[in-house]
Amino acid sequence: MISADIAALLYLVAGVLFIMALRGLSNPRSAQQGNRFGMIGMGIAILTTLALAAPSDWVSWVLIIGGIGLGGGIGAYMARTVKMTDMPQLVAAFHSLVGLAAVFVAAAALYAPEAFGIGIPGDIHAQALVEMSIGVAIGAFTFTGSIIAFAKLNGNMSGKPIILPARHAIHIVLGVAMLVLVWAFTVSADPWLFWAITVLALVLGGLMIIPIGGADMPVVVSMLNSYSGWAAAGIGFTLGNTALIITGALVGSSGAILSYIMCKAMNRSFISVILGGFGGDSASSAAAAEDDRPVKQGAAEDAAFLMKNAGKVIIVPGYGMAVAQAQHALREMADLLKKEGVTVKYAIHPVAGRMPGHMNVLLAEANVPYDEVFELEDINSEFAQSDVAFVIGANDVTNPSAKTDKTSPIYGMPVLNVEDAGTVLFIKRGMAAGYAGVQNELFYRDNTMMLFGDAKKMTEDIVKALGH
Amino acid sequence: MEATAGQTADVIAATAHAASGGALDPFTFRLAIFVLAIFVGYFVVWSVTPALHTPLMSVTNAISSVIVVGALLAVGVQLAADGNWISKAFGFIALVFASVNIFGGFLVTQRMLAMYKKKG
């Protein structure tokens, strides 16, 4: 047993260690140490709680050790086996669990308030009830929202937005109903109202995410990250636990910033993403204007020849590269080029993957050194000085009409200036439009050479041609 | 005997309460921590390199599972009153979920970060 003062200080230490865990991520070199700080902080928080309120019966200890063992085992297995392309799904799944844990902790506090120091059964402090209902509402919302996001990312559900008629009206009615329920619960502390809030938040979470299209999933995943933080903070207020309050605030602002970065990278407003409907049929009308202008087409040997004789090649990978599992072949190609004395760099658009920073992880997995990988704003001016831009599995993020064509749905979105390079090599299966349903002007430029085929097969063929 | 996390913060709050001449409510104190932590989070997260945004998400996932402290309190409740077994059961479920996240989140972050290598 330790005194409450010591425990409070230890929780503060845990909170500070979590801050340092995020701080470590400012650089890949300090990141692993930061992660260890996070683990230590979590260990301190758990041990402090156990020392502070040590259960006196063995059943509780069995449940605690068994619960951590069971959950920990599942978590460790998932962490070890998940494929890096499936990272967005894993993160969405984890968000749903944070949401659900928040719901269950709030429910536990409702039925045994004395253990949490917020009153006695039937007489819980009104303030704790408000905090509890906010925590449970956000938690339940995060749970179903993340489940839908998971299903969309994992392909269990179509990425197309599902638009219910009058959905905005439905959302508003449900939102108002939620406020009424929270008010009623605060006044009466009736457990049934608690569960009504939970169910309503579960429904609302699902309804809010269903109309959002697959293209906007990076924003959704970031947004749910933020919500899981606010849910934790809500519970932190109920429990009066500083570690939980600090963490909730950190995670909440982290997710919010990532959502902002993703929105900006797509030139979309946060509100329009939330309202949903993007990436569906409405956008495909622009693509319907099929083009039969001629394009220059090349083979793997042409590409190999061009790049071998180049001074500088910038590779622009997109999610299509990851889908085709071409990253390893791509790195091999880059290695061969470097051996020929060619400078090779990678240019990453913020929404190149399915979640923030996803492409960087995929390249790191393929052993691409992180100091060869550059963000859009750091490398965009370099295209003009490079001989070849090698676009693999990306499309919309290279579309020059985002800069010039005011009628384009992606107008204003920051894009990579690949057209400034001496030659643009563009690997693509066919002439289909990109994710946003927009035709890419780049294909018809004089300095563009289309390489039609599967990204992995084409890259392997280039590797072979470079070997000769 | 039944010292709890709730009481801990109340101690901090009580200290602040005393220091402020009795004018400060515990909630105000917690709100101050919350608001300051949002600002800390804002600045710390902006300094995270975009290359590490995916590990940032998985690690924030792991640390937000510090909600496990609530689950532990619930699992450890004394089975005295009627409603307590419900709390114990809910606490156990929350404990399992949070543990999945803690281990899964930190380990997958570790796995990703180990892949980031420098040239040469």
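How many Å separate the centres of domain 1 of chain A and domain 2 of chain A? The separation is 23 Å, taken over C-alpha atoms.

Before selecting anything, note that this is a predicted model, where local features need pLDDT of at least 70, side-chain atom pairs count only at pLDDT 80 or more, and totals for chains, interfaces and linings use all residues. Residues are numbered from 1 along each chain as its sequence is written, chains are lettered from A and ligands numbered from 1 in the order in which they are written, and side-chain values use heavy atoms, with hydrogens and water left out.

**Stop 1: the domains of chain A**

Colour chain A by domain: 1–81 is domain 1, 85–281 is domain 2 and 286–467 is domain 3. These bounds come from an automatic or database domain assignment.

**Stop 2: domain 1 against domain 2**

Select the contact (heavy atoms within 4.5 Å). Nine residues come from domain 1 of chain A and eight residues from domain 2 of chain A. Together the two domains bury about 740 Å², 82% of it on carbon and sulfur atoms. Buried area here is the accessible area (1.4 Å probe) that two parts lose on being put together, summed over both.

Now show A:Tyr11, A:Phe18 and A:Met78. They supply 51% of the area that domain 1 of chain A buries against domain 2 of chain A, more than any other three residues.

Look for salt bridges (side-chain nitrogen of Lys or Arg within 4 Å of a carboxyl oxygen of Asp or Glu).

Next, show helix α1 (residues 4–23) of chain A. On the domain 1 side that touches domain 2, this helix gives the most, with eight residues. Helices are DSSP runs (H or I, at least four residues), numbered from the N terminus. That side of domain 1 of chain A divides into eight nonpolar residues, one polar and no charged. Nonpolar means Ala, Val, Leu, Ile, Met, Phe, Trp, Tyr, Cys and Pro; charged means Asp, Glu, Lys and Arg; the others, Gly among them, are polar.

**Stop 3: chain A against chain B**

Bring in chain B. The contact takes 112 residues from chain A and 89 residues from chain B. About 9200 Å² is buried between the chains, 76% of it on carbon and sulfur atoms. Pick out A:Leu25, A:Met42 and A:Phe237: in chain A they lose the most area to chain B, together 7% of what that side buries.

Finish on the charges. The count between chain A and chain B is one salt bridge. Zoom to B:Lys118 and A:Asp371, whose side chains meet in a salt bridge (4.0 Å, N to O).

Conventions. Helices (H or I, at least four residues) and strands (E, at least two) are DSSP runs, numbered from the N terminus.
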